[in-house]
Every structure is written in C-alpha cells, then in structure tokens.
Amino acid sequence: METGYGHVLVVGGTGMLSGMTKWLAKRSKSLTLVARHPQRLATELGCISYPLDWSAPNAIDILPDRKFNLLISWLHKDGLWLARPFEDLLVSGGRSIRIHGSTSLKMGIRAKVDPNPRKDIRRTTVVLGWIADSNTRRWLSNREISDGVIEAIGTPFRETVVIGTAHAI
Ligand SMILES: NC(=O)c1ccc[n+]([C@@H]2O[C@H](COP(=O)([O-])OP(=O)(O)OC[C@H]3O[C@@H](n4cnc5c(N)ncnc54)[C@H](OP(=O)(O)O)[C@@H]3O)[C@@H](O)[C@H]2O)c1
C-alpha cells in the first residue's frame, strides 16, 4: 500500500467526496474521517472514524488531538468557523485542500470562506463549477468532484483548481 500522503484528515468526505476519500485511504499512513456519521465509510475503508458536528458550539473543544500532513475540508456555512482550527491541526509545511462552491469566486466572499491563512502551510482551493452542455449547464457529478479534488492533491503548486467552469462575478 502507498502511504505517500502521511497522516490525513478529511472533513465532510463521506458524501459527494467519498470516491476521493476511498482513493486517499489507500495512499495514507492513516486517514481520519470527520462527519456527523463517518462510521460506515470509516469501517469500510479501515480508517479512523471521528464523529463531530461542526455546527455544535463545543466542536472546537473536541477536535482531534493530533497533527496531520494533509487536510481535505468541505465545510458548509455553519462549519466555516472551524476552517482555521482544522488547518491548525496541520504540521508546519503541511497541505490544506479547501473545497468551495462557485459563489466563492465572487468578490469579497473568498476572504470569508478562507479566513486568516497560515503562512507555513500550502493551501489549494478547489472551486466546484458547472459543466456546459450545448445550451444548458449542469452541476458536477460526484465522480467529477472527487476526480477534481484528486487532481488538486496531485498538483500542490496550484493555488486554485476550478472543476468545470466558474466565473468570478
Ligand atoms: N457545483 C456543484 O456541482 C456542486 C456544489 C456543491 C454541491 N453539489 C452537490 O450537492 C450535493 C449536496 O452537497 P452536500 O454538501 O449537502 O452533500 P455531501 O458532500 O454529499 O455531504 C456533506 C458532507 O459533510 C458532512 N456534514 C454535513 N453536515 C455536517 C455537520 N454539521 N458536521 C459535520 N459534518 C457534516 C456529511 O456527513 P454527515 O451527514 O455524516 O455529517 C458529508 O460528509 C452533493 O452531492 C453535490 O453533488 C454540487
């Protein structure tokens, strides 16, 4: 088994990102999976289940008590307050992959969804766009989203990876 990504923390990786989580579990020394109900996928993958509700006021007090090399985080609005505390669990020189909806490209939103970046880690932002199909557009499939995040993991020099199309407005 490859263990190249070291100790990995995945937040919100049990739904649309589960393909990426499965891929990463095979390439990590350990993978800790945070969600309200991570148990089923964690058991399937043999990884560490870490049940946590990011909207709970005490969530900040019960974050994992260890350091990680790589963080993948998909947080809804009510979990954004934990973006930095999750990044604080990275070792110096670690990597953070933050996943955002396309509205994050709007002026002024970016700073709100990715506040206060740490200087000693590398962050790549993945923006979920859409796919243009002749006259219409459609949302990304879960497969496209997972593949895009895997691409971001493999290209650490990129600051932003847009999956499909998204415009700054
Ligand atoms: N541009 C696009 O194409 C685009 C953009 C955004 C979303 N989408 C689509 O929209 C669908 C829905 O997105 P989604 O984010 O609702 O679903 P999701 O990514 O499938 O699931 C959300 C993830 O966050 C966790 N989570 C949710 N609330 C949580 C909480 N309070 N505390 C801790 N973890 C929590 C969930 O696990 P638990 O439920 O166990 O907590 C799960 O791991 C996706 O399937 C995707 O296809 C598309």
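Accessible areas here come from the Shrake-Rupley method with a 1.4 Å probe.

**View 1. The whole chain of the predicted model, with its surface and overall dimensions.** The protein chain exposes about 8900 Å², and carbon and sulfur atoms supply 54% of that area. Its C-alpha trace spans about 45 × 35 × 30 Å along the principal axes, and 48% of its 169 residues count as buried. The mean positions of the 23 positive and 15 negative charges of the protein chain lie 2 Å apart.

**View 2. The helices and strands of the protein chain.** Five helices and nine strands make up the secondary structure listed for the protein chain, and read along the sequence they follow the pattern β-α-β-α-β-β-α-β-α-β-β-β-α-β. The radius of gyration of the protein chain is 15 Å, close to the 15 Å that the globule rule gives for 169 residues, so the chain is as compact as a globular protein of that length. Among contacts between residues at least 6 apart in sequence, 58% join residues at least 24 apart.

**View 3. Helix α1 and its buried residues.** Helix α1 covers residues 18–25, and in this helix Ser 18, Met 20, Thr 21, Leu 24 and Ala 25 are buried. Seen down the axis of α1, these buried residues fall within an arc of 155°, so they line one face of the helix. What covers them includes the strands β1 (7–11), β2 (30–35) and β4 (68–74), together with the helices α2 (39–45) and α5 (142–154).

**View 4. Leu 128 in strand β6.** Leu 128 belongs to strand β6, which comprises residues 122–128, and with a relative accessible area of 9% Leu 128 is buried, because the cut-off for that class is under 20%. Leaving aside neighbours within four places in sequence, Leu 128 is in contact with Met 16, Trp 74, Ile 99, His 100, Gly 101, Ser 102, Leu 140, Ile 145 and Ile 163. Thr 103, which is 25 residues from Leu 128 in sequence, lies 9.0 Å from Leu 128 in space, C-alpha to C-alpha.

**View 5. Ile 163 in strand β9.** Ile 163 is found in strand β9, which comprises residues 160–163, and at 8% relative accessibility Ile 163 counts as buried. Not counting residues up to four places away in sequence, Ile 163 touches Val 126, Val 127, Leu 128, Gly 129, Trp 130, Leu 140, Glu 144, Ile 145, Gly 148 and Val 149. Ile 163 and Arg 118 are 45 residues apart in sequence, and their C-alpha atoms are 25 Å apart in space.

Methods
Residues numbered from 1 in each chain as written. Predicted model: local features only at pLDDT ≥ 70, side-chain atom pairs only at ≥ 80, totals over all residues. Heavy atoms only, no water. Helix = DSSP H or I, 4+ residues; strand = E, 2+ residues; numbered from the N terminus. Rg over C-alpha atoms; globule rule 2.2 N^0.38 Å. Buried < 20%, exposed > 50% of the residue type's maximum accessible area, 1.4 Å probe, protein only. Contact = heavy atoms within 4.5 Å. Lys, Arg positive; Asp, Glu negative; His and termini not counted. Charge placed at Lys NZ, Arg CZ, Asp CG, Glu CD. Arc of directions from axis to C-beta.
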